[in-house]
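I opened the model to look up helix packing and charged pairs. My notes follow in the order I made them.

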Amino acid sequence: MSDDIPAHERYIVAGTKKLRCGFTTGTCAALASRAAVQSLLGGSVPQRVAVRTPKGWRAEAAVIADGELVPFARGGMVFRCGVRKDAGDDPDVTDGCAVFATVRLTARAGSGVVVTVDGGAGVGRVTKAGLDQPVGAAAINRVPRQMITAAVADVCEAFGFAGEVAVTVDVPDGARLAARTFNPQLGITGGISIIGTSGVVEPMSEQALVDALAVEIRVIAAQCAGKRERPLVITPGNYGTAVVARLPTLAGMPTLKCANFVGTALDLAAACGFTRVVLVGHAGKFVKLAGGIMHTHSRMADCRLELVCAHAAVCGAGAETCARIMDCATVEAALSVLDGCGLTEAVMRSLVAAARRHVARRVDGAYTFELYLFTDGHGVFGG
């Protein structure tokens, strides 16, 4: 498929369903930022604007102009544009919401462009450590910030502008929408997060995902047909595959991305005759396996911190440490608490052992398996 086909005109086939793709809030912010800068430097508001997403797909949307445009050449320095989120056929609570960007240009002699990004009304603020951005920062993740910067710099280069560009992203309906997301539990207050690692939304219909998972694993199994040893790596998504690539012992093994359907993937691996399965996942998700939770989506169950706390207590953590763990927003932050009392290794060993027991019960001897949990700041645990 050509990369010039916009994300919102692309489809994925899952079983008997054809589902339309969309684009993320991060892509919306980049589109709105590009439109605002282009309006100021070009002297007119574009009807539509496009950016290239990290996935390589083009995303485009109609532009919502806010206010009267005074071209930059005549002294106008601030303008606000927006676009509407199109999540395709994904059941996304932010689908259809408007995402705006206000840009302020300050010309500076010399060459180069400096872009700063912040959040305004309806964009959440980080209040707990362990998330993508530091405490106090707008909940605009790293990849969307990069996309905004690249989109703005591209327009500035085209018009020969050098100086500073301050971008403020706002979502008018963000505070209301945030109540329907996981943000309050994560300690993100005041609005939604501007997120996305690929820039595009691929539909997350649950049955469609399960059907697609079954199709994918059957394809992998067919490629192993006739072989005595049939290994498989199962990981939730891109973070896991990145870690797999760094583990020499797993080089060349086929990999299945299971999203939240860990138990389903384990069952399918047995049904398809795999002889060895290696589970690799971020501790923030796979710690749930220590509680026997095999569907890891937060709406099904979220006992991450409770599990870390219980195993910390078993390993000797006191009441104060346990209370601090329960006040954390993420597993990564909880491990940082454990670092302070020297219990990280012991607690992770305990969690991995519990997860292995639950996985062993699910697998029921159908194949051998290994289990690895990892975090960005603490490395890989298990084996």
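Predicted model: local features only at pLDDT ≥ 70, side-chain atom pairs only at ≥ 80, totals over all residues.

I looked up the axes of α11 (residues 331-339) and α12, which come within 8 Å and cross at roughly 130 degrees.

From α11 I noted Leu335, Leu338 and Asp339. They meet Thr344, Val347 and Met348 in α12. I sorted the residues of this contact by type: four are nonpolar, one is polar and one is charged.

**Entry: helix α10**

Which residues of α10 are buried? I found Thr321, Cys322 and Ile325 in this helix, which spans residues 319-326. I then looked down the axis of α10. The buried residues fall within an arc of 100 degrees, so they line one face of the helix. The face turned away from the buried side of α10 carries Ala319 and Glu320, both exposed. I also checked what lies over the buried residues of α10. The cover includes α9 (304-314) and α11.

**Entry: helix α6**

I repeated the check on α6, residues 238-245. Gly240, Val243 and Val244 are buried there. Down the axis of α6, the buried residues fall within an arc of 105 degrees, so they too line one face of their helix. On the face of α6 turned away from the buried side I found the exposed residues Tyr239 and Ala245.

What covers the buried residues of α6? I noted strands here. The cover includes β16 (231-235), β17 (255-257), β18 (276-282), β19 (368-375) and β20 (379-382).

**Entry: salt bridges**

Side chains of opposite charge can pair when their charged atoms come close. I took a nitrogen-to-oxygen cut-off of 4 Å for the search. How many salt bridges does this rule give? The count comes to 16. I followed up some of them.

I began with Asp170 and Arg80, whose closest N and O atoms are 2.6 Å apart. Asp170 sits in strand β12 (residues 163-170) and Arg80 in strand β7 (residues 78-84), so the pair ties together parts that are 90 residues apart in sequence. Are these two partners buried or exposed? Asp170 is buried, at a relative accessible area of 10%. Arg80 has 19% relative accessibility. The limit for buried is under 20%, so Arg80 counts as buried.

Then I took Asp173 with Arg176. The closest N and O atoms of this salt bridge are 2.5 Å apart. Asp173 is partly exposed, with a relative accessible area of 30%. Arg176 is also partly exposed, at 49% relative accessibility.

My next pair was Asp267 and Arg362, with closest N and O atoms 2.7 Å apart. This pair links distant parts of the chain. Asp267 is in helix α7 (residues 262-271), Arg362 is in helix α12 (residues 344-363), and 95 residues separate them. I looked up the accessibility of both partners. Asp267 is partly exposed, with 35% relative accessible area. Arg362 is partly exposed as well, with 36%.

Definitions and conventions: Residues numbered from 1 in each chain as written. Heavy atoms only, no water. Buried < 20%, exposed > 50% of the residue type's maximum accessible area, 1.4 Å probe, protein only. Helix = DSSP H or I, 4+ residues; strand = E, 2+ residues; numbered from the N terminus. Arc of directions from axis to C-beta. Contact = heavy atoms within 4.5 Å. Salt bridge = Lys/Arg side-chain N within 4 Å of Asp/Glu carboxyl O. Axes fitted to C-alpha atoms, helices over the stretch in contact; angles between N-to-C directions. Nonpolar A, V, L, I, M, F, W, Y, C, P; charged D, E, K, R; others polar.
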